[in-house]
Amino acid sequence: MLDAFIKKGVRRIFLARATEHLNNKNEDAITSMIFTPLRFMSPPDALECFSAILPKLQQRVEARQAKALKLELWPSVPMKNNWVQPELKANIKFTDGTSLTLIGEMKWESFLSSEQIQKYERIKWDAFVFAIVKNPGFVDAGLKCEVYTWKQVHGRVENLIRDTRVSEQVRQWAELAANFLKIAEQLVFSGFNSFKPIIFDHPTFFFSQVRQFRRFDWPSSAIQARSATSTMFYDRRPA
């Protein structure tokens with residue numbers, strides 16, 4: 001959050017665009033809160049976090065080991081006759097002497113255009129370009145980069161929490177990132193926890209919003225045998 005606060009003037013998040021005088025700062029705050037902690041990790045741990053949320057990055061890295069990782073948010077990157085400013089740039093140096101640069105564009109309510117991505121095609125060094133968006137419908141078709149949603153990121157950091165092979169620092173980051181995205185309502189649905197259904201003949205379903213992030217498991221009961229027009233009321237109270 002310090003990067004967003006210092007560099008981008010973020011003071012409030014999750015408020016209407018008009019509240020910030022038509023200058024939406026949400027995506028800057030989110031970018032900083034998710035990625036700034038990686039700056040203080042060891043290079044292998046930071047790469048572990050990136051690889052978890054960017055699945056195809058693992059294919060580019062293969063078996064290489066990170067020796068150094070420099071992460072910058074909103075840096076000025078020189079091009080031929082111009083400068084560009086991606087949300088994220090991370091230069092990774094590997095123990096075998098090779099390197100790879102991550103270039104990231106993060107979007108919350110704003111649109112991601114082909115022009116925003118095409119400018120990175122002129123980068124001379126080996127680069128992995130990706131974007132993370134809230135709404136996949138706000139993305140140009142045929143973008144030449146890896147595009148993920150914040151909900152997908154949430155699901156992957158949840159998996160990282162359960163991975164016994166990762167370090168404690170990586171797990172702590174994954175827990176914070178997952179909790180933040182839950183608050184931001186960018187979470188994946190992981191099923192229902194056990195409950196006893198009360199079934200009525202009406203085509204409507206009601207679900208309690210109390211403790212909405214708890215897991216539910218569908219019981220193998222008469223639910224499957226009922227008509228699709230049935231109404232199911234679920235009692236969330238302890239039995």
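This is a predicted model: local features need pLDDT of at least 70, side-chain atom pairs count only at pLDDT 80 or more; totals for chains, interfaces and linings use all residues.

Biologist: What is the average pLDDT of the protein chain?

Modeller: pLDDT is the predictor's confidence in each residue, from 0 to 100. The protein chain averages 77, and 69% of the residues score at least 70. Over residues 208-231 the pLDDT is below 50, and this stretch has 52 contacts in the model beyond near neighbours in sequence; a contact means heavy atoms within 4.5 Å. Residues 233-239 also stay under 50, with 18 contacts beyond four places in sequence.

Biologist: How many helices and strands does the protein chain have?

Modeller: Helices (H or I, at least four residues) and strands (E, at least two) are DSSP runs, numbered from the N terminus. The protein chain has seven helices and 10 strands. Among its contacts with a separation of 6 or more, 60% are between residues 24 or more positions apart.

Biologist: What share of the residues is buried?

Modeller: Buried means under 20% relative accessible area, exposed means over 50%, and partly exposed lies in between (1.4 Å probe, protein chains only). Buried residues make up 44% of the 239 residues in the protein chain.

Biologist: Which residues touch the most other members of the largest nonpolar core?

Modeller: A nonpolar core is a set of buried Ala, Val, Leu, Ile, Met, Phe, Trp, Tyr and Cys residues joined through side-chain atoms within 4.5 Å. The largest one has 45 residues, and F35, F50, L88, L102, W150 and W173 touch the most other members. Helix α7 (residues 168-183) gives the most to this core, with seven residues. Another core, of 14 residues, lies apart from it and includes M79, I117, Y120 and V139.

Biologist: With which residues is W173 in contact, leaving aside its neighbours within four places in sequence?

Modeller: The partners of W173 are I34, P37, L38, M41, C49, I53, V157 and L160.

Biologist: How many salt bridges does the structure hold?

Modeller: A salt bridge is a side-chain nitrogen of Lys or Arg within 4 Å of a carboxyl oxygen of Asp or Glu. The structure holds eight. One of them joins the side chains of R60 and D126 at 2.6 Å, N to O.

Biologist: Why does the pair R60 and D126 tie together parts that are apart in sequence?

Modeller: R60 lies in helix α4 (residues 57-61) and D126 in the loop between α5 (114-118) and β6 (127-133), so the pair ties together parts that are 66 residues apart in sequence. R60 is partly exposed at 31% relative accessible area, and D126 is partly exposed at 40%.

Biologist: Where do E158 and R162 lie?

Modeller: Both are in helix α6 (residues 150-162), four residues apart, about one turn of the helix. E158 is buried at 16%, whereas R162 is exposed at 57%. Together with K182, E158 and R162 are linked in a network of salt bridges.

Biologist: Is D163 buried or exposed?

Modeller: D163 is buried, with a relative accessible area of 15%. Its side chain meets that of R165 in a salt bridge of 3.0 Å, N to O, and R165 is exposed at 72%.

Technical notes:
Residues are numbered from 1 along each chain as its sequence is written. Side-chain values use heavy atoms; hydrogens and water are left out.
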